[in-house]
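Here are some friendly notes to read alongside the structure. Take them one at a time, and look for each residue as you go.

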Amino acid sequence: MSDLDLKAIRDKLVDIARVAGRMILDANFKQDFATDTKLNSVDIVTETDKAVEDYISTTLREAYPTISFMGEETWQPGTKVTDTPTFIVDPIDGTTNFVHSFPHACVSLGLSVSRVPVIGVIYNPFLDILYWAIKGQGAFMQTRPGGSTIDRRLPLAKNPTPLKGLDTALVAVEWPAARDGPNFEVKADTFRKLTASKETGGSMVHSLRSMGSAALNLAAVAAGQLDMYWEGGCYAWDVCAGWCILTEAGGLMVGGNPGVWEPGVDERKYLAVRAAPGGQREIVEEFWGVIGEGRMEYEH
């Protein structure tokens with residue numbers, strides 16, 4: 001990694017993200033795109049996803065021909081993340097939101113080296129909010145109110161509060177694209193246990209949130225706006241950028257199944273926890289206890 005200029009790459013990814021964001025907004029405002037489905041009617045892809053990825057991949061390959069590329073729309077099943085430097089890209093994370101004009105969709109651009117996320121850039125063009133991080137250099141959120149640019153270090157709170165337990169936590173979750181089978185049952189059962197009253201054996205979390213974008217969920221945990229995010233079924237391009245931002249903000253990424261303290265970037269099952277002066281590992285173990293014997297199983 002020593003021969004890579006991470007700051008220059010970050011700057012390039014930020015420029016790319018903003019151009020891609022304009023492409024997304026233009027298509028959304030005009031409703032000028034065709035939709036198709038992959039797995040089923042809720043697993044949506046649009047021609048804008050493909051056009052944005054084509055722009056990103058072409059630009060990155062011209063600028064960095066020796067760095068590999070993995071993108072959602074051109075990924076071939078069975079292709080793994082390797083130790084070689086690799087751009088890991090989701091052109092539109094939150095495609096369903098994009099189709100419905102719900103303003104929580106983003107461009108997610110990550111760089112992985114030795115299967116470790118080292119740069120993350122996430123841009124939500126609807127709200128004009130940019131998140132970015134470089135390994136070892138912190139994480140930041142950039143906004144432009146009134147035309148002025150403001151960079152705020154993450155987490156947003158200067159003195160984050162300790163994590164006291166699930167009954168004081170705001171937790172992000174997402175419904176899977178596959179709405180049947182064992183993984184669906186594990187998720188639905190866990191959602192019920194998290195929200196149910198303590199009198200019925202539940203954890204009674206403050207509430208669950210579904211942003212509709214893994215990258216934006218991770219960014220919100222990094223910012224300290226969410227306490228945790230539990231996920232199963234997403235891919236490396238959904239989490240690579242957000243993972244870097246989360247850990248640089250002092251957050252913790254572990255496995256979505258119990259006992260996995262060091263997941264891979266393509267683990268497909270994750271639990272993200274915000275920065276806190278205490279309680280991170282304890283709340284992870286409490287969450288794993290809610291899952292119990294149920295385990296999510298997704299092919300890599």
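Predicted model: local features only at pLDDT ≥ 70, side-chain atom pairs only at ≥ 80, totals over all residues.

1. Let's begin with Gln142, which you will find in strand 8, covering residues 139–143. Is Gln142 buried or exposed? Its relative accessible area is 13%, and the cut-off for buried is under 20%, so Gln142 is buried.

2. Now see which partners the side chain of Gln142 has. Another, at 2.9 Å, links the Gln142 side chain to that of Asp151. Leaving aside residues up to four places away in sequence, Gln142 touches Arg18, Asp128, Ile129, Leu130, Thr149, Ile150 and Asp151.

3. Next, have a look at a record. An unreviewed UniProt entry lists Glu72, Ile92 and Asp238 under "binding site". These residues span 167 residues in sequence, yet no two of their C-alpha atoms are more than 9.5 Å apart, so they gather at one spot.

4. Where does Glu72 sit? Glu72 belongs to the loop between strand 3 (68–71) and strand 4 (86–93). With a relative accessible area of 19%, Glu72 is buried.

5. Asp238, also listed in that UniProt entry, is part of helix 6. Asp238 counts as buried too, at 9% relative accessibility. Its side chain reaches the backbone nitrogen of Tyr235 at 2.7 Å. Not counting residues up to four places away in sequence, Asp238 touches Asp90, Asp93, Ala214, Ala215 and Leu218.

6. Finally, how do helix 5 and helix 6 lie relative to each other? The axes of helix 5 (residues 214–223) and helix 6 (residues 236–248) come within 8 Å and cross at roughly 5°. Angles under 35 degrees count as roughly parallel, so helix 5 is roughly parallel to helix 6.

7. Which residues make up this contact? From helix 5 come Ala214, Ala215, Leu218, Val221 and Ala222, and they meet Asp238, Val239, Gly242, Trp243, Ile245 and Leu246 of helix 6. Sorted by type, the residues of this contact are nine nonpolar, one polar and one charged.

Definitions and conventions: Residues numbered from 1 in each chain as written. Heavy atoms only, no water. Axes fitted to C-alpha atoms, helices over the stretch in contact; angles between N-to-C directions. Helix = DSSP H or I, 4+ residues; strand = E, 2+ residues; numbered from the N terminus. Parallel < 35°, antiparallel > 145°, perpendicular 65-115°, else oblique. Contact = heavy atoms within 4.5 Å. Nonpolar A, V, L, I, M, F, W, Y, C, P; charged D, E, K, R; others polar. UniProt positions renumbered as here; feature names shortened; annotations may be inferred. Buried < 20%, exposed > 50% of the residue type's maximum accessible area, 1.4 Å probe, protein only. Polar contact = N/O pair within 3.5 Å; in protein donor to acceptor, adjacent residues only side chain to side chain.
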